[in-house]
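Subject: Structure handover

Hello,

Here is the structure for you to take over. My notes on what was found in it follow directly below.

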Amino acid sequence: MKRIVLGVSAGIAAYKSVLLLRLLREAGHHVDVIPTGNVEHFVGNATWEALSGNPVTANVFDAVDTVNHVRLGQQADLVLVVPATADLMARAAAGLANDLLTGTLLATDAPVVMAPAMHTEMWQHPATVANTAVLRQRGVRVIEPAAGRLTGKDSGPGRLPEPQEIFESIQDLLSEPLLAGRKVLITAGGTREPLDPVRFLGNRSSGRQGVALAAAARDAGAQVTLIATHLEVPPPHGVALVHASSALQLREAVFAHAEGQDVLIMNAAVADFRPAAVHNAKIKKRDEHSAPVIELVRNPDILAELVAARESNPRLPAVIVGFAAETGDEQGSVLDYGRAKLSRKGCELLVVNEVGENLTFGTDSNTVQVLFADGKPAVSAAGGKLDVARVVIQQVAGEINGHTTS
Ligand code: CTP
């Protein structure tokens, strides 16, 4: 049995939420419904109260003695917002707390799922697109609206999916969490190798996929530590955060936090080389034509070192996951290079993706293949980075649950 907050914002699709409430109750969950003020134009509180079996209010100033606006969010195992209107999403993205539902969204550490429903123009408006991106980056699962007949004569994307479909799409959050009691260490972002006080060698990694992995692992019940190297996106709620900048600092942070973890996911793009010398002062142009020659030296391979150190230290993670950002060429495909890398690195799983200027980096979508060292067939995943992260975390859970807890 889960404690679920079912937020309902004021759209005509609120009637479908009544059916979702029934499905949740029939499955044995405790549900507190929080409508926004205008929902009563569509569905009255009597319906929500009768079907949930709990008192219902949209007002922060009702039941003040129980401090509802933080209590419901704090106690929840899961917060659903069905339907999520453009207005509700904008307020949630801005962090407003001007009613009981938005207050609850700010007060919760539980996974949040939003099912948008609105007219196509509103769904495709840059403001809503930006708000959706912000919410997704923060780890909110925003269900893609269905396309079809909307209220009135128009049709297009913006329709609330059927209650049964929404119910099925959140089964992973309703069942026992896959990584309950597990500790997961994730590196995300891209390292910067200093050259002088103002310059560095960096890479295109934004950290979006690593942040999505941290959110997915958290949603799967894990205790997550995220080592962030120059993220372009905010880290998710509810994870412990550690910062590192260069590959050497990242290596130090990984070794400092790896003991006692069940899983290490090396998603950070680690520079293979760093400048041999870091200048104390800014490198100057000496004359009209000269340009400095920068000598590079190899960085340690953190992943391979961790795998090697595990030989003599059983407290290091039983499951180590590498990422391979590959580009295919005449000598081999992306997958050929991935398989070779998996055996070279000695980790349990390798997530392979194809990269390039307009592929993967900085975008919200990804296509990957998860390769297994034990020879299991590869599993592919495509979609938003959170969708991909969920598939990777499922595979990681399958792997770690085959091991006994350390
Ligand atoms: N990695 C690491 N330390 C490094 C380089 C990479 O731990 N110095 C990790 C990355 O976090 C990733 C995996 O190794 O999980 C693969 O990284 P990638 O750069 O794609 O592979 P390389 O080993 O650098 O191989 P190559 O550059 O030859 O493709």
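The lining of the second largest pocket has eleven nonpolar, five polar and four charged residues by class. The model is a predicted one, and that holds for everything in this message. The volume of this second largest pocket is about 380 Å³. Its lining comprises 20 residues, and Ile-12, Ala-13, Ala-117, Met-118 and Thr-151 are the ones that lie nearest its centre. Helices α1 (14–26) and α4 (86–94) and strand β7 (155–159) each supply at least two residues of that lining.

The largest pocket contains about 990 Å³ of space. It is lined by 37 residues, which by class are 16 nonpolar, 13 polar and eight charged. Ala-268, Ala-269, Val-270, Phe-323 and Ala-325 lie nearest the centre of the largest pocket. At least two lining residues come from each of α10 (208–219), α12 (302–310), β16 (319–326) and α13 (334–345).

Two cavities of 30 Å³ or more turn up in a search of the whole structure. The largest cavity has a volume of about 120 Å³. Its lining consists of Arg-141, Asp-172, Leu-173, Pro-177, Leu-178, Ala-216, Asp-219, Ala-220, Arg-390, Ile-393 and Gln-394. By class, six of these are nonpolar, one is polar and four are charged. Helices α9 (171–174), α10 and α14 each supply at least two residues of the lining of the largest cavity, and α14 gives the most, with three.

In soluble globular proteins, nonpolar side chains tend to be buried together. Here the largest nonpolar core has 34 residues, and Ile-186, Ile-265 and Val-321 have the most contacts inside it. The elements that each supply at least two residues of this core are β8 (183–189), α10, β11 (223–229), β13 (263–266), β16, β17 (349–354), β18 (365–372) and α14 (385–400). Of these, α14 gives the most, with eight residues.

What is Ile-265 in contact with, leaving aside its neighbours within four places in sequence? The list is Val-184, Leu-185, Ile-186, Thr-187, Leu-213, Val-321, Phe-323, Ile-393 and Val-396.

A second, separate core has 29 residues, including Ala-13, Val-56, Ile-166 and Leu-173.

Last, strand β4 (residues 112–116). Five of its five residues are buried, so β4 is largely enclosed by the rest of the structure. In a regular strand the side chains alternate between the two faces of the sheet. In β4 both faces are covered, with Val-112, Met-114 and Pro-116 buried on one side and Val-113 and Ala-115 buried on the other. Strand β3 (residues 78–84) runs parallel to β4 and is joined to it by four bridges. Strand β5 (residues 141–142) also pairs with β4 in the parallel sense, over two bridges. Val-113 stands opposite Leu-80 and also opposite Arg-141 in β5.

Regards

Terms used
Residues are numbered from 1 along each chain as its sequence is written. This is a predicted model: local features need pLDDT of at least 70, side-chain atom pairs count only at pLDDT 80 or more; totals for chains, interfaces and linings use all residues. Side-chain values use heavy atoms; hydrogens and water are left out. Buried means under 20% relative accessible area, exposed over 50%, partly exposed in between (1.4 Å probe, protein chains only). Two strands pair if DSSP finds at least two bridges between them. On a 1 Å grid over the protein atoms alone, a cavity is a set of points where a 1.4 Å probe fits but cannot get out, and a pocket is an open set with protein on both sides within 12 Å along at least five of seven lines; lining residues have an atom within 4 Å of a point. Grid points are joined across faces, edges and corners, and a volume is the space filled by probe spheres set on the points. Ala, Val, Leu, Ile, Met, Phe, Trp, Tyr, Cys and Pro count as nonpolar, Asp, Glu, Lys and Arg as charged, and the others, Gly among them, as polar. A nonpolar core is a set of buried Ala, Val, Leu, Ile, Met, Phe, Trp, Tyr and Cys residues joined through side-chain atoms within 4.5 Å. Contact means heavy atoms within 4.5 Å.
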